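Here is a short note to read beside the coordinates. Please keep the structure open and follow the points in order.

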Amino acid sequence: MPISPTHTPPSAPPVFPDGQDALEALLAAPSPGLVADLADLDGDLVILGAGGKMGPSLARLARRALDAAGRSDLTVHAVSRWTDRAAADRLAADGVAPVPFDLLDGDPATLPDAGNVVFMVGAKFGSAGSPTHAWAVNSALPDRVARRYRTARISAFSTGNVYPLVSTASAGSTEEDAVAPVGEYAMSCLGRERVFGYHAAEHGLRLAVIRLNYAVDLRYGVLADIATAVHSGAPVDLTTGHLNAVWQGYANEVALRALAHASGGETPFTLNLSGPETASVRRLAQLFAAEFDRPALFAGEESGTALLSDSSLCHALFGYPALSLRTLVSWQAEWIRRGHPLSGKPTKFQVRDGRF
């Protein structure tokens, strides 16, 4: 029997967000499904690591959804060091409560009380050169968080990197497949899952583990990486010739909606989060070449394996992303044509040895 998705797409397709303000507004627009889920939220929401690439948009999305659900009684706390004070002020103006805090060195007891937590903290780039820092952030910190929020529901971002490379002829790794992380980053992320999982098994912590790859929001992501290479005339590396990509707005919604599915015990709720397609890097580069009216240059050949996730369970629970991959390609090209800003932080999706 098919599973009826609970995600309802917008009645009209969204239009291209022409600039960062429009992009942020689109990322903060909740679906009816998210509004319905957050209407039943029990307690305030704390977002740990809210100053990262996805954090501000997730905080705004949560605030908008709670307001639409009539839950102005609940507070959205955005926890980060907030070295960019202007970013914190913008969130405050949007109804989110920024909380300056150093998660590694601060006293967790001083963090706000909450019934719900989204854990977004992670160390990836530079992990090969500083593995001790990666393990401290990705594996040790979750223990402090789990002890502080033992009675809360926690939706914890993880990564598809905990899986091995698989054949591009497959549908990708499923949540039931054996994990086989390669490199310090992936191993420490599995450590994060195991530490949270310990608290779920031993203390009944209600946990949802979200294995994400790869979120895109036009300023960064795998599509920005490929489009920038084509636009600048640089060769696109084909060695890892296939990937998954998903709209960041959808990824944020899933992380919030997964709170309702958080569970304790030996097997906490675990979910792959990616787009429905296995996308060809060569084909994506060719699409961008057509958008920019210039040739795509390539380096290497497809290896036959890639980091791929089967996210069919996610789509069954929450519906397909409202934005298709082809729409995202078109928007990414337009974003670059109009000279809108990019993060300058490549995903390094081509890396195959786990050294980031």
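This is a predicted model: local features need pLDDT of at least 70, side-chain atom pairs count only at pLDDT 80 or more; totals for chains, interfaces and linings use all residues.

1. The protein chain has 11 helices and 15 strands. Buried residues account for 54% of its 356 residues.

2. Overall dimensions. Does the chain's radius of gyration agree or disagree with that of a compact globule? It agrees: for 356 residues the globule value would be near 21 Å, and the protein chain has 19 Å. Along the principal axes, the C-alpha trace spans about 55 × 50 × 40 Å.

3. Contacts along the sequence. Take the contacts between residues at least 6 apart in sequence. Of these, 82% join residues at least 24 apart.

4. Surface and charge. The accessible surface of the protein chain is about 14400 Å². Carbon and sulfur atoms hold 53% of that surface. The chain carries 30 positive and 36 negative side chains. The centres of these two sets lie 3 Å apart.

5. Strand β2. This strand covers residues 76-80. Because 5 of its 5 residues are buried, β2 is largely enclosed by the rest of the structure. In general, side chains in a regular strand alternate between the two faces of the sheet. Here V76, A78 and S80 point one way, while H77 and V79 point the other way. All of them are buried.

6. The partner of β2. Strand β1 (residues 45-48) runs parallel to β2, and 4 bridges join the pair. Look at I47: A78 of β2 stands opposite. A78 points the same way from β2 as V76 and S80.

7. Strand β12. Which residues of β12 point one way, and which the other? F269, L271 and L273 go one way; T270 and N272 go the other. All are buried. Strand β12 spans residues 269-273 and is mostly covered, with 5 of its 5 residues buried. Its parallel partner is β7, joined to β12 by 5 bridges.

8. Q248. This residue belongs to helix α8, residues 248-257. Is Q248 buried or exposed? Q248 has a relative accessible area of 0%, so it is buried; the cut-off for buried is under 20%. Leaving out residues up to four places away in sequence, Q248 touches L27, K53, M54, S57, A215, V216, D217 and Y220. R147 is 101 residues from Q248 in sequence, and their C-alpha atoms are 29 Å apart.

9. Backbone points to inspect. Most residues other than glycine have a negative phi, and most peptide bonds are trans.

- N213 and Y214 are joined by a cis peptide bond, with omega about -20°. Y214 sits in the loop between β7 (206-212) and β8 (215-216).
- D293 is not a glycine, yet its phi is positive, near 55°. D293 lies in the loop between α9 (281-292) and β14 (298-299). Its relative accessibility is 71%, so D293 counts as exposed.
- K348 also is not a glycine, and its phi is positive at about 60°. K348 lies in the segment after α11 (325-337). With a relative accessible area of 34%, K348 is partly exposed.

How values were computed: Residues are numbered from 1 along each chain as its sequence is written. Side-chain values use heavy atoms; hydrogens and water are left out. Helices (H or I, at least four residues) and strands (E, at least two) are DSSP runs, numbered from the N terminus. The radius of gyration is taken over C-alpha atoms; the globule rule is 2.2 Å times the number of residues to the power 0.38. Buried means under 20% relative accessible area, exposed over 50%, partly exposed in between (1.4 Å probe, protein chains only). Contact means heavy atoms within 4.5 Å. Accessible areas come from the Shrake-Rupley method with a 1.4 Å probe; for residues, only the protein chains shown count as cover. Lys and Arg count as positive and Asp and Glu as negative; His and the chain ends are not counted. The place of a charge is taken as NZ of Lys, CZ of Arg, CG of Asp or CD of Glu. Two strands pair if DSSP finds at least two bridges between them.
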